[in-house]
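Please read it alongside the sequence and the model.

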Amino acid sequence: MELEKELNTQQLKAVLNNENSLLIFAGAGSGKTRVLTYKIAYLIKEKGFDPFEILAITFTNKAASEMKKRVIELVGKVGQYMWVSTFHSFCARLLRKEISRFGYNEKFIIYNSAESLKLISKCITDTGYDLKTVSSKSVQEVISTSKNKLMNHESFSKKAFDPFEKIVARIFPLYQNELFKANALDFDDLLFLTVKLLKNNPDVKEKYQNQFKYILVDEFQDTNLVQNELIVLLHDGSNKIFVVGDDDQSIYSWRGAEVSNIINFDKNFSNTKIIKLEQNYRSTKFILDAANKLIKNNFSRSKKELWTQSHEGELISKFRAQNEQEEAKFAAKKIKDMIESNSDKSFRDFAIFYRTNAQSRAIEEIFIRESIPYRIFGGLKFYDRKEIKDMLAYLKVISNPKDVISLTRIINVPTRGIGNTTISHIEKFSRNNDITFCEAFYGIERINTVNPSTRKKIRDFIDILDELRDYLDNHTIEETIQQLWEKTSYIKELVIENTIESLNRVDNLKEFLTVVKEFEENRSLIQENNKLSLHDFLQEISLVSEVDNYDENADTVTLMTLHNAKGLEFPVVFIVGLEEGIFPHVRSMTGGSDDVEEERRLCYVGITRAKEKVFLTSSILHYIYGDQRERLISRFIGEIPEELFIDENENISLLYPYGKDDNYVANRKPVFQFGNNERYSGQKNINTDEFSGKSKNFKRSSDGSLKKKKDFLDFKVGDVVEHKLWGSGEILRTKKSSDDLELDVVFKSVGLKKILASIAPIKKIK
DNA sequence: AAACGGGAAGAGTTT
DNA sequence: CTTCCCGTTT
């Protein structure tokens, strides 16, 4: 390891300093990942630290595995014994060992936001409130904020002041008790309980203080009070703290992140020192200039300026489109052009960032039309699909019989004759006898109000769950899931249903099985002869984020929110929707100026993801709630000096990227005058359907992807069609549905398939 | 118990 | 425009 060759002076200081608690101010692209990995490698190889003594906290699981991989490359296989994870995963791992001190069982499960929301709704109605007057979302937010400030329900109710807080104060303890009874933790509990554990149990605290001789935290600007407290508790004065952060990239204050954690670093830790990394190795000079100029508009920030030795590169492009579709077309056109003229460019080099998930739709529509491959992060996730949630609910109940939310989810899935009436009987019984719903359920024979045949059905269901629990003892999770399908007829029911939708679900379930298999195989690679336990598996599933699954090898354009973009880099970056009210978002503009500053930081993060080229685009007309509104151009564009821009609108040919036989038109007169736009008004409306914003030619399918409909009227029985994947096949049957045509097609390659004429990739060949 | 339809409400970012 | 919830029907 030749550190002097690999690192600059400041980076080297950060790696070699073993005396102080270190705060590294690391600007965007200043090589902080490099510093972190070399630091760890240095500690292990040169300073004799045991990997087991090193704790590294990252923002995503993806970053964690990346770091682990790089360290292993530098120090060899011993690196795998390091603790590298997110805050949440770290806490879950720790609690898995120690949680019995709080009366929970070590097989606790983790509720995601949706599951916690359900439980909160239940508590609201149980308290006698109406969900219409007391919004479960608001309650959830208040409870979450409270826990993130280290307040439990008792200290919260003491401080509850306004009427809504008083209401929450009644619901909060109930919710906490329900979680306890279900042996479940929500995301905030993971952190909260870990801090409580260390605070209340000096022996445990000392144990971990002694174990972790070196604690490294990445993205420190986005830590909240609890997370900071956790690190403070783990620091005993003799072990070392090494945190990396950049106040200009703080974008999670709405989630409780406190930049003050950086400012108070020297107060919280002993013998501190600050090292600044200001040389940027990622972006060209023009890009960095623009980012610097933009962020200078923020009042509250520590003084620093990134610089680079790299060449000026290309100017930033700006483009003001007529509407979102045209904005997306501009991106599509640019991407295609750049790939065509640059042999070293391919789709994976491009990323499109937006402020809100809903903005992805316009881009998706155009990209499908233009055959540009893309992957979208966020939005409807794999684990959010009904059938996958059902499977996870089954597994959670198998792992933890007390999990009431999961139990009620699957109680009648697939339908087994246990309806709402039965459920309310059980609920009533549990209330009257002061036992939990689950206890009442498992002792169903005692509930006389439920008729005997239904009781038998419930007993059969409980038996299935018990059998599966036994089965798991001697089998893998993958095998248990297959057994589950067998016993519950879950797949069978879907196959019998025999619709596009249901068969698609079957495919998703098979994909799920593959995921499970990979999980188990990975585990056995890392720890030989160590079977992946079900609760470990469920824990990992609950804590992975979408970005964690990002695969840079796939050759597709990346679509994601600006928040998701943190920590990534791309040669070419588009930021779309730079309009007042969108970005900066309206909700940030009504509050204090702090909020707009956070939006500006978000924009800064977006721009600094780019290595070579940045496009900042906006559109004049924008749909919200099906209503088209005019949008002013974002202030952020105005804050970047004009001389750093190329105005793409001046190149008028771009406005008609598809030639005259394309059915593109600007279907409205421009509201604002810009550049040479007379040609807009010269256009007449022709076939404006597809781009009028109504999007009726697109359909969101069950797997969350957007499919383009096409004219389906001319398919009939006996036609031979060509399918993109399955080759040729013959139509056996057609069935008209409300707005589509279902086809039964026999393919030579795969046999009988049900497909939707409008969205399947087929064309008639005979 | 499930399927259907009307009507109201709703999209800011996420571990 | 979309989604979700609730009441009605089969």
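How far is a phosphate oxygen of DNA strand B from a polar backbone atom of Gly419? The separation is 2.3 Å. The structure is a predicted model, in which local features need pLDDT of at least 70 and side-chain atom pairs count only at pLDDT 80 or more, while totals for chains, interfaces and linings use all residues. Residues are numbered from 1 along each chain as its sequence is written, chains are lettered from A and ligands numbered from 1 in the order in which they are written, and side-chain values use heavy atoms, with hydrogens and water left out.

- Of the atoms of DNA strand B that come within 4 Å of the protein, 49% belong to sugar and phosphate.
- The surface near DNA strand B comprises six nonpolar, 15 polar and four charged residues. In this classification Ala, Val, Leu, Ile, Met, Phe, Trp, Tyr, Cys and Pro count as nonpolar, Asp, Glu, Lys and Arg as charged, and the others, Gly among them, as polar.
- An N or O atom in the side chain of Thr415 lies 3.1 Å from a phosphate oxygen of DNA strand B. This is a polar contact, that is, a pair of N or O atoms within 3.5 Å; within protein, one must be able to donate a hydrogen and the other to accept it, and residues adjacent in sequence count only if both atoms are side-chain atoms.
- The side chain of His585 places an N or O atom 3.3 Å from a sugar or linking oxygen of DNA strand B.

**Backbone geometry**

- Most residues other than glycine have a negative phi, and most peptide bonds are trans.
- The peptide bond from Val413 to Pro414 is cis, with omega near -5°. Pro414 is in the loop between α19 (404-410) and α20 (420-432); helices (H or I, at least four residues) and strands (E, at least two) are DSSP runs, numbered from the N terminus.
- Phe583 and Pro584 are also joined by a cis peptide bond, with omega about 10°. Pro584 belongs to the loop between β13 (570-575) and α27 (586-590).
- Asn183, which is not a glycine, has a positive phi near 55°. Its place is the loop between α9 (163-181) and β5 (184-186).

**Helix packing**

- Helix α2 (residues 9-16) packs against helix α3 (residues 32-45) at about 40°, with their axes 9 Å apart. Axes are lines fitted to C-alpha atoms, for helices over the stretch in contact, and angles run from 0 to 180 degrees between N-to-C directions.
- That angle makes α2 oblique to α3; angles under 35 degrees count as roughly parallel, over 145 as roughly antiparallel, 65 to 115 as roughly perpendicular and the rest as oblique.
- Gln11, Ala14, Val15 and Leu16 of α2 contact Val35, Tyr38, Lys39 and Tyr42 of α3, contact meaning heavy atoms within 4.5 Å. By class, six of these residues are nonpolar, one is polar and one is charged.
- Helix α6 (residues 113-126) and helix α7 (residues 136-148) pack at about 110°, with axes 9 Å apart, and are therefore roughly perpendicular. Their contact has five nonpolar, five polar and one charged residues.
- α7 also packs with α9, at about 75° and with axes 10 Å apart, which makes α7 roughly perpendicular to α9. The contact of α7 with α9 has nine nonpolar, three polar and one charged residues.

Terms used: A residue is near a molecule or strand if one of its heavy atoms lies within 4 Å of it.
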